[in-house]
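Here is a short report on one protein chain. Look over the sequence and the fold before reading on.

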Amino acid sequence: MKTKLIFSTEANDTEYWTDLPFVPRINEWFNVLEILKKEELVAIWQSAQCWSGVRGTVQSVEYRHDDKEFYAEVFIWCED
(Lines give C-alpha, C1' and ligand atoms only; values in the text may rest on other atoms or scores of the structure.)
Protein backbone atom coordinates (compact mmCIF):
# COMPACT_ATOMS: atom_id res chain seq x y z
CA MET A 1 0.00 0.00 0.00
CA LYS A 2 1.22 3.50 -0.80
CA THR A 3 2.32 4.94 2.55
CA LYS A 4 3.45 8.35 3.73
CA LEU A 5 5.80 7.92 6.69
CA ILE A 6 6.30 10.92 8.96
CA PHE A 7 9.28 10.47 11.27
CA SER A 8 8.82 12.85 14.17
CA THR A 9 11.33 14.09 16.76
CA GLU A 10 11.24 16.93 19.30
CA ALA A 11 12.72 19.31 16.73
CA ASN A 12 11.61 18.14 13.30
CA ASP A 13 9.19 16.09 11.19
CA THR A 14 10.52 14.32 8.11
CA GLU A 15 8.29 12.82 5.41
CA TYR A 16 9.06 9.82 3.19
CA TRP A 17 6.90 7.96 0.69
CA THR A 18 7.13 4.21 0.33
CA ASP A 19 5.08 1.14 -0.50
CA LEU A 20 4.56 -1.08 2.52
CA PRO A 21 3.09 -4.59 2.27
CA PHE A 22 1.31 -3.91 5.59
CA VAL A 23 -0.10 -1.03 7.60
CA PRO A 24 1.52 -0.64 11.04
CA ARG A 25 -0.63 -0.46 14.15
CA ILE A 26 -0.56 2.22 16.83
CA ASN A 27 2.04 1.63 19.58
CA GLU A 28 3.93 -0.97 17.53
CA TRP A 29 7.70 -0.73 17.14
CA PHE A 30 8.76 0.22 13.62
CA ASN A 31 12.22 -0.85 12.40
CA VAL A 32 13.49 2.33 10.77
CA LEU A 33 16.71 0.68 9.52
CA GLU A 34 14.71 -1.41 7.02
CA ILE A 35 13.13 1.61 5.35
CA LEU A 36 15.60 4.52 5.37
CA LYS A 37 18.96 5.03 3.74
CA LYS A 38 21.93 5.86 5.94
CA GLU A 39 21.89 9.58 5.04
CA GLU A 40 18.16 9.86 5.80
CA LEU A 41 18.63 8.06 9.10
CA VAL A 42 21.46 10.39 10.14
CA ALA A 43 19.34 13.47 9.38
CA ILE A 44 16.57 12.25 11.69
CA TRP A 45 19.05 11.13 14.35
CA GLN A 46 20.64 14.59 14.43
CA SER A 47 17.29 16.29 15.04
CA ALA A 48 16.40 13.94 17.92
CA GLN A 49 17.14 14.68 21.56
CA CYS A 50 17.72 11.05 22.54
CA TRP A 51 17.25 8.30 19.95
CA SER A 52 19.06 5.04 19.26
CA GLY A 53 18.46 5.34 15.51
CA VAL A 54 17.05 1.84 15.20
CA ARG A 55 13.32 1.91 15.83
CA GLY A 56 10.41 4.23 16.29
CA THR A 57 6.96 3.94 17.82
CA VAL A 58 3.88 4.28 15.65
CA GLN A 59 1.87 7.16 17.12
CA SER A 60 -1.00 7.34 14.64
CA VAL A 61 -2.27 5.86 11.40
CA GLU A 62 -4.64 7.86 9.23
CA TYR A 63 -6.09 7.04 5.86
CA ARG A 64 -6.12 9.80 3.26
CA HIS A 65 -7.18 10.20 -0.34
CA ASP A 66 -5.36 12.11 -3.04
CA ASP A 67 -6.55 12.65 -6.61
CA LYS A 68 -6.21 9.00 -7.60
CA GLU A 69 -6.06 6.66 -4.62
CA PHE A 70 -6.12 6.06 -0.91
CA TYR A 71 -2.93 5.94 1.12
CA ALA A 72 -1.93 5.49 4.75
CA GLU A 73 -0.27 8.32 6.66
CA VAL A 74 1.81 6.94 9.53
CA PHE A 75 3.36 9.10 12.27
CA ILE A 76 6.43 7.46 13.82
CA TRP A 77 7.92 8.89 17.03
CA CYS A 78 11.73 8.74 16.90
CA GLU A 79 12.70 9.44 20.49
CA ASP A 80 13.63 6.93 23.21
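For the charge count, Lys and Arg are taken as positive and Asp and Glu as negative, while His and the chain ends are left out. On that basis, the protein chain carries 8 positive and 15 negative charges. Their mean positions lie 4 Å apart. The model is a predicted one.

**Fold.** The protein chain has 1 helix and 5 strands. Along the sequence they run β-β-β-α-β-β.

| Property of the protein chain | Value |
|---|---|
| Box filled by C-alpha atoms, along the principal axes | roughly 35 × 25 × 20 Å |
| Accessible surface | about 5,200 Å² |
| Part of that surface belonging to carbon and sulfur atoms | 49% |
| Buried residues, out of 80 | 40% |

**Contacts along the sequence.** Take the contacts between residues at least 6 apart in sequence. Of these, 53% join residues at least 24 apart.

**One residue in detail.** S8 sits in strand β1, which covers residues 2–8. Is S8 buried or exposed? Its relative accessible area is 14%, and buried means under 20%, so S8 is buried. Which residues does S8 touch, leaving aside neighbours within four places in sequence? S8 is in contact with D13, I76, W77 and C78.

Definitions and conventions:
Residues numbered from 1 in each chain as written. Predicted model: local features only at pLDDT ≥ 70, side-chain atom pairs only at ≥ 80, totals over all residues. Heavy atoms only, no water. Helix = DSSP H or I, 4+ residues; strand = E, 2+ residues; numbered from the N terminus. Buried < 20%, exposed > 50% of the residue type's maximum accessible area, 1.4 Å probe, protein only. Contact = heavy atoms within 4.5 Å. Areas by Shrake-Rupley, 256 points an atom, 1.4 Å probe, with all protein chains shown as cover. Charge placed at Lys NZ, Arg CZ, Asp CG, Glu CD.
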